[in-house]
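Hi,

Here is the structure I promised to pass on. Have a look at it first, and my notes follow below.

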Amino acid sequence: PFDDDAEPAFLLDVGMRIFLYFTKSWANTVLSALAKKLATEQHPQITPIQPAYFSSQCISRGVITDMAMMPAHHSEEDINLYTPPIAVRGITELNRDLFRKNVALPALKVKKDVVNKVMKSLKNSALKRPGLKRVIEDSEDETYRLLLLDPCKILCSESFEVSEKAVLKEYNVDLQIHMYRLAMTYEHFKPEEILKAVLPEGQDVTSGFSRVGHIVHMNLRDHQLPYKYLIGQVIMDKNPGVTLVVNKTNIIDNTYRNFQMEVLAGEGNMITKVKENNITYEFDFSKVYWNPRLSTEHSRIVGLLNSADLVYDVFAGVGPFAVPAAKKNCKVLANDLNPESFKWLVHNCKLNKVDKKVQAFNMDGRDFILGPVKDDLVKQIDVLSSKENKTSIHIVMNLPGLAIEFLDVFRQLLQEQNPVHALPTVHCYSFSKSDEPAKDIQRRAEDFLRTSLEGRCSIHLVRNVAPNKEMMCLSFKIPAEVLYRNHLAEGDNTEEPAPKRLRPDEITASEGPQ
């Protein structure tokens, strides 16, 4: 509470404070308004033009315009090097004319006698786009060249780095940025850019595929199927040498490991030629199995072989293991159940001049092991049993969907001959969806062999086939107790062991207190 004498003074003080506060606020408002007015009344300011505001209205062929004097224009169509026109969105039939667009690019005028030297120093700022020239003729002055720049990096003369400015000054290059009108067409765009522009926004774009000679093999997803013919044509256009694009229409689930396919673009010639690890193969892609992604694995297994080794290829296909093995002077028995694969296996052996080193068979894999493989092992037994023997035996089983189920055929395959030092090495392929694929494959193999492979096998990751699906290779020597009849594993004995002779102190202890 205030007394009567203090109240007038207090009220006067409060009034003055309020007056000063509003006076200050009013002054700030007036000053701010005046500042804005002065700013708007300044002379026109030359501002660096952002790429998104380049205007095609200021460009014409053969005319180079000062970029700083161009009016602003909100059209990304005119500066984006990587996106086709929006008009192509959703088309299902390829119309190459729809991909035409004009692009405005910043450029420097450089004397032609120094343009190469300048170019070397402006690598970071120069245009980098496959299929587009970075140095072009100046239609206004034949003594100059236009050096095209990256529109995302060079907005004005101040965009150059200090070192770049120094080089430009050294060669008397005017820092004034000009612009050049570039007419882009379908040929300038990459396949992934085209498909991204065509397919609905946010959907996956197909860019990966397998190439087998002149054939491209695709696995399109459901949302891509309405555009399948356009996709096929684009892939064929953008990959030199490709004359046929096909799409797989079902999974590999038949006996012969081939699949149904439809032609998306090009001719219908399915007979192709491929070269893998310096070896040529020919085959009908529609009737046999061939996967170019297994090239490294083929090479890895062949790298384990030495001259004169024995190789039994149970599911040989058209010969990607058998032919290079024979090239290393191995003796090869190769088999495939598919009559078409067998035909092309024989053809490829002749094509690569190894038909004298390869015996080809057309039969079930189990019958192949129980017949030709067993018979050949018996014939070789004297050589294999020799202590001087350096021949290794390799059995390749590349049928990842089923190969493990064939392993039981090795149980008691041979009579007791006991060349334990020459046990065959099996390379068995399998798929696994387990979180621990190596353990999963080893366990399943042990179930069919009825023995443990712990410490007696190696497992190699071949490739990731799909999310949570791995292709693995299990390699192991067939245990003697599995391969030979009546063979006893080390330490096994069915007879009761002879009683151990006890020492005198042990006799006393064993008899206990008298």
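How many salt bridges does the structure hold? There are 17 salt bridges, where a salt bridge is a side-chain nitrogen of Lys or Arg within 4 Å of a carboxyl oxygen of Asp or Glu.

Before the details, a word on what you have. This is a predicted model, so local features need pLDDT of at least 70 and side-chain atom pairs count only at pLDDT 80 or more, while totals for chains, interfaces and linings use all residues. Residues are numbered from 1 along each chain as its sequence is written, and side-chain values use heavy atoms, with hydrogens and water left out.

On confidence: pLDDT is the predictor's confidence in each residue, from 0 to 100. The chain averages 81, with 76% of its residues at 70 or more. Residues 1-12 have pLDDT below 50, and beyond near neighbours in sequence that stretch has one contact in the model (contact means heavy atoms within 4.5 Å). Residues 490-514 also stay under 50, with four contacts beyond four places in sequence.

Now the overall picture. The chain has 13 helices and 18 strands; these are DSSP runs, numbered from the N terminus, with helices being H or I of at least four residues and strands E of at least two. Of its 514 residues, 42% count as buried. Buried means under 20% relative accessible area, exposed over 50% and partly exposed in between, with a 1.4 Å probe and protein chains only. The accessible surface is about 29200 Å², and carbon and sulfur atoms make up 51% of that (Shrake-Rupley method, 1.4 Å probe; for residues, only the protein chains shown count as cover). Among contacts between residues at least 6 apart in sequence, 67% join residues at least 24 apart.

- Glu262 and Lys228 meet through their side chains at 3.2 Å, N to O. Arg366 lies in helix α9 (residues 365-379) and Asp408 in the loop between β15 and β16, so the pair ties together parts that are 42 residues apart in sequence. Arg366 is partly exposed at 27% relative accessible area, and Asp408 is partly exposed at 23%.
- Arg456 and Glu481 also meet in a salt bridge (3.2 Å, N to O). With Arg456 in the loop between α11 (437-449) and β17, and Glu481 in helix α12 (residues 480-483), the pair ties together parts 25 residues apart in sequence. Arg456 is partly exposed, with a relative accessible area of 37%, and Glu481 counts as partly exposed at 27%.

Last, have a look at helix α6. Which residues of α6 (residues 295-303) are buried? They are Ser295, Glu297, His298, Ile301 and Val302. These residues cover an arc of only 165 degrees around the axis, which puts them on the same side of α6; the arc is that of the directions from the helix axis to the C-beta atoms. The face turned away from the buried side carries the exposed residues Thr296 and Gly303. The buried residues of α6 pack against several elements, including β10 (271-276), α7 (322-327) and β18 (469-477).

Cheers
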